[in-house]
Amino acid sequence: MSTVTVAARPSVGERAKAAGVAAIPYILAVLVAFVVVAIIIALLGHDPAKAFRAVLTNSFRNRTGMVQTLHKWVPLTLLALAFAIPLGAGRFNIGGEGQMILGATGAVAMGILLSDLPTVVLLPLLIVAGVAAGALWAGISAWLMQQFKVNEILSTVLLNFVSFEILDYLASVVWSDPGAGGAVTTAIGAGGELPRIGKPPMHIGVILVALLAIAAAFYARRSIAGFELRAVGLNERAAKLHGIRTGKVAVMSMIVAGALAGLAGAIEVAGVHHRMLEGIQSNFLILGIIIGLIARGSLTAVPFVAFGIAVLEVGAGSMQRTSGAPVEMVLILEGLILLFLLMSDWVTDRLRLRASRKAAA
């Protein structure tokens, strides 16, 4: 009679130990990055301790700082997910800012053209239009990738430039606000604005994105689609041999990513600016890529890393006012964290290779 051996599940202590070991590269990368930036700030003639104190405490000093951080966290999380989901399938979506701009375009079109509609009708239309526009914009790259084998990096980057011209035309010609003094559209109808809660007021887009982040983590870990996404990213050829439609998975990952980036644009219009303006995409694309890479493509880790980056971004202005250090130091810090984390991967691989060679000898 044959017996079946079932592997024992790791205990809570073993899982905690494994998590602690996995956290070591992150901790070292953050510490080394802070040390390097502290040296740069000191060489520029500013006080590093005062600069870091301003950056790390501004978000938690009062409720206003926390609301600003959460509002910044929303587009950072969505743009990071828009990068991380295709990354799971081995694809690179570098068009997040273009998809965000098209999402804002769809939202502002609904908000201006249908401005007299009540909130219960206009707000859902505005959100859906933003999501659909972002998905459509990403769908162009997905279609080119699938039908003509056009590299998605090239197509998404080029479409970003097209989106800039669309934004400029709409904000400067079609729906221009003459009194704004720049490329800014007129305001959307009051029914298209996201409701706010608390004091100071926080728009409910924060709650919506928190629920989406939970759904994304469940999708990645518990769903068949999430398994297929990981399988395609790990070994596309093997996944295809096992019956997974790899092309469909890659295309859908791009379209979902575009929808999330479009949602970010819609929320920025409905919850923050109430109009579309030049620069609405800010530097969310590069930060989304940094967050996605720091999170190593984990949809579960993305919202937590995004919150840390949001804290740094909101604190950057306070750092400049308090210590005189330029706000660019924060972006340098974020880039160095990613760089040192990638270097830690290389060191870890080298150590494992050396250990395996010794064991073989």
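**View 1. The loop around Pro200, in a predicted model.** Pro200 sits in the loop between β1 (196–197) and β2 (202–203); strands are DSSP E runs of at least two residues and helices are H or I runs of at least four, numbered from the N terminus. The peptide bond from Lys199 to Pro200 is cis, with omega near -5°. Most peptide bonds are trans. Residue numbers start from 1 along each chain as its sequence is written, and side-chain values use heavy atoms, with hydrogens and water left out. Since the model is predicted, local features need pLDDT of at least 70 and side-chain atom pairs count only at pLDDT 80 or more, while totals for chains, interfaces and linings use all residues.

**View 2. His274 and its phi.** Here's the loop between α10 (246–273) and α11 (284–294), which holds His274. The phi of His274 is positive, near 60°, and this is not a glycine. Most residues other than glycine have a negative phi.

**View 3. Helix α12 and its kink.**

**View 4. The largest pocket.** A pocket here is an open set of points on a 1 Å grid over the protein atoms alone where a 1.4 Å probe fits, with protein on both sides within 12 Å along at least five of seven lines; lining residues have an atom within 4 Å of a point. The volume is about 360 Å³, meaning the space filled by probe spheres set on the points. Of its 17 lining residues, Gly88, Arg230, Arg296, Gly297 and Ser298 lie nearest the centre. α3 (63–88), α7 (205–222) and α8 (224–234) each give two or more residues to this lining, and α8 gives the most, with 5.

**View 5. The second largest pocket.** This one holds about 300 Å³ of space. Its lining includes Tyr26, Arg296, Asp345 and Arg352. α1 (12–43) and α13 (328–360) each give two or more residues, with the largest share, 7 residues, coming from α13.

Technical notes: Bend = angle between axes of the 7 residues up to and from the residue.
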